[in-house]
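Here are a few exercises to work through with the model open beside you. Try each task before reading its solution.

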Amino acid sequence: MNQFQTPPEEILARLQQLRNADAPTHGGHVLSYVYDSGLAEIDELAASAIRMVQPVNGLDPTTFSSVAVMEHEVLGFVRSLLHGDTEVVGSVTTGGTESCLLAVKTARDNWRARGGTGRPRLLAPTTVHAAFHKAAHYLDLELDLVPVDPTTGTLDAAALAARMAPEVALVVVSAPSYPFAALDPVAEVAAEALARGIDCHVDACIGGLVLPFWGTLPDWDFRVAGVTSMSADLHKFGYAPKGASVLLQRGRDRQRTQYFATTQWPGYPVVNPTMLGSKSAGALAASWAIVEALGEPGFAKLARSCALSTLALIEVIGDIEGLRIVGTPVGPLLAVATDESVPAERRVDPHHWADQVRGAGWLLQLQPGLAQSDGTHLPHTTHLTITPVTESVLADLSAALVGAADAVRGIPAVSPAEVLASLPDLGGGGALDSTSAFELLTALGLGGDGVLPDRMAPLLAIMEALPAPLTERLLTELLARLVEPR
Ligand SMILES: *Cc1c(COP(=O)(O)O)cnc(C)c1O
C-alpha cells in the first residue's frame, strides 16, 4: 500500500504505545469513567457491530434504515425497563450530557409554548449532575439549586416544592445522584410538579439500566405520573462503548419539540432529533448488539454482581475506622467521607485515602467539598463506581482500601487556607488571559505536559480554596494547553 506515508503496523504500534499510558479500561482497577461488564465476548460483539456500521451516516435513518431499526429496538428495550407505556417515545443520543441538554431544551421550548415569558428556571437539588449546569448555561436558563442534607446528601421534596414557580420550566431529580448515589424522592417531587403543570425530568443516566434490577425501591421511573422525561446511559450500565444514551419523553407532542427541522436552505432538508448532524452509528450498533445479547436476564445478572460487590464494599468501608459512607447509596456507586464522630487522630481524610489507594494501583475519584446556598457545606468525598468486573477483584480491592486507610489515618486533610497562603499572588483572580492563566498553572506545578501529580489531595484543596470562577479558568487553561498543536 504505497499510498501510506507511514505503514499501518507502525501507526497502530504507536497507538498501542499511547494506549499503554492510559488508565486501564478493563480489570476493575478504575472505579469511575469505565463500566466493565467483565464479559470479553460482549466487548468483542460490540467491536464487530461497530465495524459493520463504520461507514454509515446515522444522520439519515431513511437512507440507512438499519439505524432506524436499531434505534427503535433499543428504545423499546429501555422504555420497557423504565415502565414507559406506548405514549413514551425517545431518541438514542451520544451520551448523558446530550440527553440532559435535550431534555432541558424540550422543556424550555414547551414552557414557552405554554406562554412562559422571560428567563425560564431550572430547579434541582445541588447534587444534580453538572450536565444540567451546562444545559442551563447553553440554553440560558437560571439554575436554582436546592441544598441537600449536608450529612446524607438527600433531598427534602418539600424544600424543592417550595421553590416551584411559574418561571420553572423544568424540575430535575436523579435516580440516583452521581456524587452521593442518593435516590431523590421522585414520586413526591413529580406529584408536586404535576399539580403545578411543571415538567419533571428523572436523570437516570447512571441508574437507568441497573436500578430496574436493584430490588424493591420507591417508584422512580415512568410509573410515576408526573415524570415527563428520563435519561439513561447505554455507555454506563448498558456496558456499551462511549457515545450512547437514551432520552425518553412522555407524550409524542412534547417530544416533537426536541426536534430541529429546516427546509429553508438550498441543501438537503435537515431534520435532527438530537444535537449532531452527521454522526456515527457505531455506539448505537454496539448498544443494540449488547441489548440483543444480554436481554433483561443478562442485565439482571450483571446488576446482581454489582449489587453483591457494592454491599461488600459498603461493609468493608463501613468497618474502616475514620471513614463513613455518605447517606444510603442506591445503586452501584457510593461516596466516602471522613467520619467526624471519631477523634481527629483516628479520622481518615478521603482524599489522602484515595491518593494512597492510587499508589497501590486503584483509581478512585476525588470529589471536592461544596458550600451550599444555605451556608451548609457538603464534605469532600471519594467516589467509587462499582461494575460487574469488581466482583473478580473484590478481595484485593478491599485489602487495598483497608491498608490505605491505615497508612493515612490521623493525617489531617490538606487545609485550603494553608494552600492559599502557599500560593503565588493571584492578582485578585480577575479575568485572566491565557498567558497569565498558564503562568499561574506553572506556578502551581501544573503547567507542564498535563500529567497530573501523584497526589491529588493538594490539587483538590486548591480547587476548594480558590473562587470557583478562577479554578474553572485555570482548569480550562490546563485542558486547552493539552491539545494545542505543538
Ligand atoms: C454520567 C452522568 C451524566 C452525564 O453523562 P455523560 O454520559 O458523561 O455525558 C448525567 N447524569 C448522571 C447522573 C450521570 O451519572
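Two strands count as paired if DSSP finds at least two bridges between them; helices (H or I, at least four residues) and strands (E, at least two) are DSSP runs, numbered from the N terminus. This is a predicted model, in which local features need pLDDT of at least 70 and side-chain atom pairs pLDDT 80 or more, while totals for chains, interfaces and linings use all residues. Residue numbers start from 1 along each chain as its sequence is written, and side-chain values use heavy atoms, without hydrogens and water.

**Exercise 1. Find the bridge partner of A124 in strand 3, then work out the sheet around it.**

Step one: go to strand 2, residues 121-125, which pairs with strand 3 in the parallel sense over 5 bridges.

Step two: zoom out. The open sheet has 7 strands in the order 1-7-6-5-4-2-3, with mixed pairing. Strand 1 (88-93) and strand 3 (142-146) are at the edges with a single partner strand each, so one side of each has no neighbour in the sheet. On average, neighbouring strands are turned by 20 degrees against each other, direction ignored.

**Exercise 2. Y33 and A181 both have a positive phi without being glycines. Which loops hold them, and is each buried or exposed?**

Step one: Y33, with phi about 70 degrees, is in the loop between helix 1 (8-20) and helix 2. Its relative accessibility is 57%, so Y33 counts as exposed.

Step two: A181, with phi about 60 degrees, is in the loop between strand 4 and helix 7. At 1% relative accessibility, A181 counts as buried.

Step three: stay in that loop, between strand 4 and helix 7 (186-196), to find P176. A cis peptide bond links A175 to P176, with omega about -10 degrees.

Conventions. Axes are lines fitted to C-alpha atoms, for helices over the stretch in contact, and angles run from 0 to 180 degrees between N-to-C directions. Buried means under 20% relative accessible area, exposed over 50%, partly exposed in between (1.4 Å probe, protein chains only).
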